[in-house]
Amino acid sequence: DRIARKRDREFSEFRKRIKDADQFKVEASVFDDATYGALYKLVQDGHIDAFGGPISTGKEANVYTALSGDEEVAVKVYRINASDFKDMRGYLDGDPRFEGIGSDKKKVVTAWVRKESSNLKRARRAGVRTPEPIAVERNVLVMEYLGTEEGRAKRLNEVHIENPETAYEVVKEYVRRLYDAGLVHGDLSEYNVVFHEGQLYIIDLGQAVTIHHPNADEFLERDCRNVANFFARQGVDATPDELLAYVKEY
Ligand code: ATP
Ligand code: MN
């Protein structure tokens, strides 16, 4: 009982500390209890030592930097009450890895974050550069930070691409390797590919589905369309059909 009170006190001090770390808070959207709890656990487990600033504030998730020892890490925090959560179900349904999840929002988000982490691992095993997942806790994913002290790695849409032919070849190979490993990204475009240490990395694999998902082909066709059309605008001789054929050829 005394121990429980001590824990409560520590927890509320922790919560205050995060709120005071002014860079970590985003406008009015202070984290809910479950999120504070998840962050607290990640600190206690030694995955996070200090909180940094936001890198991105999106519809469903915010991404922050944090320190883990003297390494910078990226912390992606999903908002449990975000409006688009219905859409997540569509990506989880039909994925044998996440059968019987139900419709409880918290469970759906937790499954989503675990899926993102396992997709990142699977992609890396398949030879696709993605951030290394470090830890998962409820609605929070800690992963390798891509970027420098100056700031996060730039997306393809934010840089001048020196050699678009080569960049296209790399992304093309990534899409094929993902597919060979049984995954379709599902939201692939110039917004989810970044330049880091002279290499291209694919990010944002939360919505990626296995090739057995009922919409896998549709998602793959859309990915190929986004990628090929982007590189065609950079002057590369790329078409969605040619990319799709390359990915599916065995
Ligand atoms: P949204 O709800 O805005 O659509 P999202 O699902 O697109 O969010 P991500 O694409 O994973 O989320 O991350 C948003 C942005 O945060 C990315 O475009 C990228 O700039 C940055 N980012 C994400 N992960 C990392 C990382 N590991 N290292 C550095 N920057 C990152
Ligand atoms: Mn994204």
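The model is predicted, local features need pLDDT of at least 70, and side-chain atom pairs count only at pLDDT 80 or more. Residues are numbered from 1 along each chain as its sequence is written.

**Exercise 1.** Find which residues come nearest to ligand 1, and where it lies relative to the domains.

*Solution.* Start with the shell: of 19 residues around ligand 1 (a heavy atom within 4 Å), K76, E144, L146, R155 and D204 come nearest. Next, look at the domains, whose bounds come from an automatic or database assignment. Domain 1 (2–148) and domain 2 (154–248) both give residues to this shell, so ligand 1 lies between them.

**Exercise 2.** Find which backbone atoms make polar contacts (N or O atoms within 3.5 Å) with ligand 1, and how much of it the protein buries.

*Solution.* Begin with oxygen: one oxygen atom of ligand 1 is 3.2 Å from a polar backbone atom of K59, and E60 also has a polar backbone atom 3.2 Å from a ligand oxygen. Then take nitrogen: a ligand nitrogen is 2.9 Å from a polar backbone atom of E144. Finally, turn to area (Shrake-Rupley method, 1.4 Å probe): ligand 1 alone exposes 610 Å², and the protein buries 87% of that.

How values were computed
Chains lettered and ligands numbered in written order. Heavy atoms only, no water. Polar contact = N/O pair within 3.5 Å; in protein donor to acceptor, adjacent residues only side chain to side chain.
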